Amino acid sequence: MFSRRNNRCEISAEGSLLKFHPEPVIVRSRTLADGLESVLRRNYGGLREQIFDARGELRGAVRFVVRSAEGRGRELTGLQDLLPRGQVVMKAVGGIHLIRLREAADVEVVGRPELTVWGESLADALHDACAQNPSLKELVFQADGQLRSEVEVSEVVDDAVYSLPLDKVLRRGTTIEIGRAGAEEAVRSGSIRVLIENSWRYYTDGAKEVRVDAATPREAVEQVANRFPMLRDELNEFRRRDGYYSSSIEIARVRGWRLYPIERDQIDQPLPDRAVISFGLTRGDGG
């Protein structure tokens with residue numbers, strides 16, 4: 001048991017929190033809450049936002065680890081936990097991430113189209129986002145805490161889009177997108193969304209969508225192929241057998257939930273701004 005009297009405790013930081021709290025602070029406080037307030041009164045570098053969420057609760061991604069002989073290795077998990085004599089180190093086990101709301105995600109309901117959040121998993125990051133914008137919770141989650149079926153949550157890496165499960169452990173600095181399934185809007189003016197059908201995702205490292213700046217369907221497909229060497233090699237094999245316009249490959253415009261195949265004489269026709277096209281195997285081709 002830790003003593004209930006005020007103790008001399010050094011509170012320091014590690015990892016990504018070090019830039020917000022570079023120098024240890026000695027406090028003589030009874031609880032973690034009092035100790036943190038003593039630290040924050042001397043800190044003007046944004047540390048409060050890193051430790052507390054919008055509701056004033058401790059962020060789940062921040063840990064307070066006892067490094068002194070009195071309780072070494074123990075974590076303080078609540079603001080009323082008693083501080084030990086010695087040292088407590090703050091560290092973040094997750095990372096800072098960006099949540100971006102697609103134009104079809106009813107951004108007018110939730111306000112800002114981008115949020116900076118903390119989290120170790122996707123669930124942590126989404127709950128932090130909902131704490132900052134409570135109206136987002138009803139938009140994204142069902143009453144049982146599961147994602148709504150009409151909502152897509154994805155990771156974006158260099159304009160390639162990957163599906164994300166709720167328990168996914170996030171890499172530090174992940175960009176997460178929230179939008180409605182089947183939405184036609186592109187992320188930015190001038191970009192084309194190329195949806196990758198399941199039959200081709202093995203060759204795109206699992207990416208389900210790629211954003212490119214292309215003027216025609218041919219340019220869009222070539223840019224996607226150049227980004228993924230395995231896909232480029234597979235397409236070249238199709239073309240070696242069947243010519244450039246392989247009958248096994250389907251390119252289509254996507255409008256709502258319907259596909260409109262792009263014919264051979266349309267491959268070089270200009271695409272409208274913010275167009276969505278689908279790329280996959282011809283229907284019925286098991287490939």
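**Cores and buried residues**

Me: Which residues is Phe 279 in contact with, leaving aside its neighbours within four places in sequence?
Reply: This is a predicted model, where local features need pLDDT of at least 70, side-chain atom pairs count only at pLDDT 80 or more, and totals for chains, interfaces and linings use all residues. Residues are numbered from 1 along each chain as its sequence is written, and side-chain values use heavy atoms, without hydrogens and water. Contact means heavy atoms within 4.5 Å. For Phe 279 the list is Val 194, Leu 195, Ile 196, Glu 197, Trp 200, Val 221, Leu 231, Leu 235, Ile 249, Glu 250 and Ile 251.

Me: How many residues does the largest nonpolar core have?
Reply: A nonpolar core joins buried Ala, Val, Leu, Ile, Met, Phe, Trp, Tyr and Cys residues through side-chain atoms within 4.5 Å. Buried means under 20% relative accessible area, exposed over 50%, partly exposed in between (1.4 Å probe, protein chains only). Val 194, Trp 200 and Phe 279 have the most contacts inside the largest core, and its size is 28 residues.

Me: Which element gives the largest share of this core?
Reply: Helices (H or I, at least four residues) and strands (E, at least two) are DSSP runs, numbered from the N terminus. Several supply at least two core residues each, including strand S9 (160-163) and helix H6 (217-227). The largest share is 4 residues, from H6.

Me: Is Ser 121 buried or exposed?
Reply: Ser 121 sits in the loop between strand S7 (114-119) and helix H4 (122-132). Its relative accessible area is 13%, so Ser 121 is buried.
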